[in-house]
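Student: Could we go through this model together, one question at a time?
Tutor: Gladly; here it is.

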Amino acid sequence: MSNVSTEQRLRLVQQVRSRYNENRYDMYNRERILYGRASYPEELEPGDQAVAGMGPMDPSMPVSTFRLRLLLAVLLFAAVVAMDINQINVSGVTAEKIIEAISMDYEDKIDEWVAAFSLGK
């Protein structure tokens, strides 16, 4: 490869980048056709040099609710701990009842439901 000129190397790099962008554009179109949405937040054009995730956010992309669910779980945990420490009773529900319901083994009930459902067909 020592006899390859700088201009030839430059053309090779441009060709590889062009092929990469064409492949990304094709995948984007396939996903849009199959799933009705894009995996990249920016609109791609053939020959674009855009990097995935660096463009403006697409409003049609789904929003993750993980942080909200995590915050809600932490708040509920803190509420149960506060109920337990202060012996608070909310509408007849105590922290002990909540802990008992969480730690209850539902495996037998689930097995019954599955058996009833499979016999029902």
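Student: Does Ser-91 count as buried or exposed?
Tutor: This is a predicted model, where local features need pLDDT of at least 70, side-chain atom pairs count only at pLDDT 80 or more, and totals for chains, interfaces and linings use all residues. Residues are numbered from 1 along each chain as its sequence is written, and side-chain values use heavy atoms, with hydrogens and water left out. Buried means under 20% relative accessible area, exposed over 50%, and partly exposed in between (1.4 Å probe, protein chains only). Ser-91 has 75% relative accessibility, so Ser-91 counts as exposed.

Student: Which loop holds Ser-91?
Tutor: Helices are DSSP runs (H or I, at least four residues), strands likewise (E, at least two), numbered from the N terminus. Ser-91 has a positive phi near 50° and is not a glycine. Its place is the loop between α2 and α3.

Student: What is the phi of Gln-87?
Tutor: Most residues other than glycine have a negative phi. Gln-87 also lies in the loop between α2 and α3, and at 58% relative accessibility it counts as exposed. Although Gln-87 is not a glycine, its phi is positive, about 55°.

Student: How are α2 and α3 oriented to each other?
Tutor: Axes are lines fitted to C-alpha atoms, for helices over the stretch in contact, and angles run from 0 to 180 degrees between N-to-C directions. The axes of α2 (residues 66–86) and α3 (residues 95–103) come within 8 Å and cross at roughly 130°. Angles under 35 degrees count as roughly parallel, over 145 as roughly antiparallel, 65 to 115 as roughly perpendicular and the rest as oblique. The two helices, α2 and α3, are therefore oblique.

Student: Which residues of α3 meet α2?
Tutor: Contact means heavy atoms within 4.5 Å. From α2 come Val-80, Met-83 and Asp-84, and they meet Ala-95, Glu-96, Ile-98 and Ile-99 in α3.

Student: How many residues of α4 are buried?
Tutor: The expected span of a helix is 1.5 Å times one less than its number of residues. For the 14 residues of α4 (residues 107–120) that gives 20 Å, and the end C-alpha atoms are 20 Å apart, which agrees. This helix, α4, is hardly covered, with a buried count of 0.

Student: Over which residues is the pLDDT below 50?
Tutor: pLDDT is the predictor's confidence in each residue, from 0 to 100. The protein chain averages 79, and 77% of the residues score at least 70. The pLDDT is below 50 over residues 49–56.
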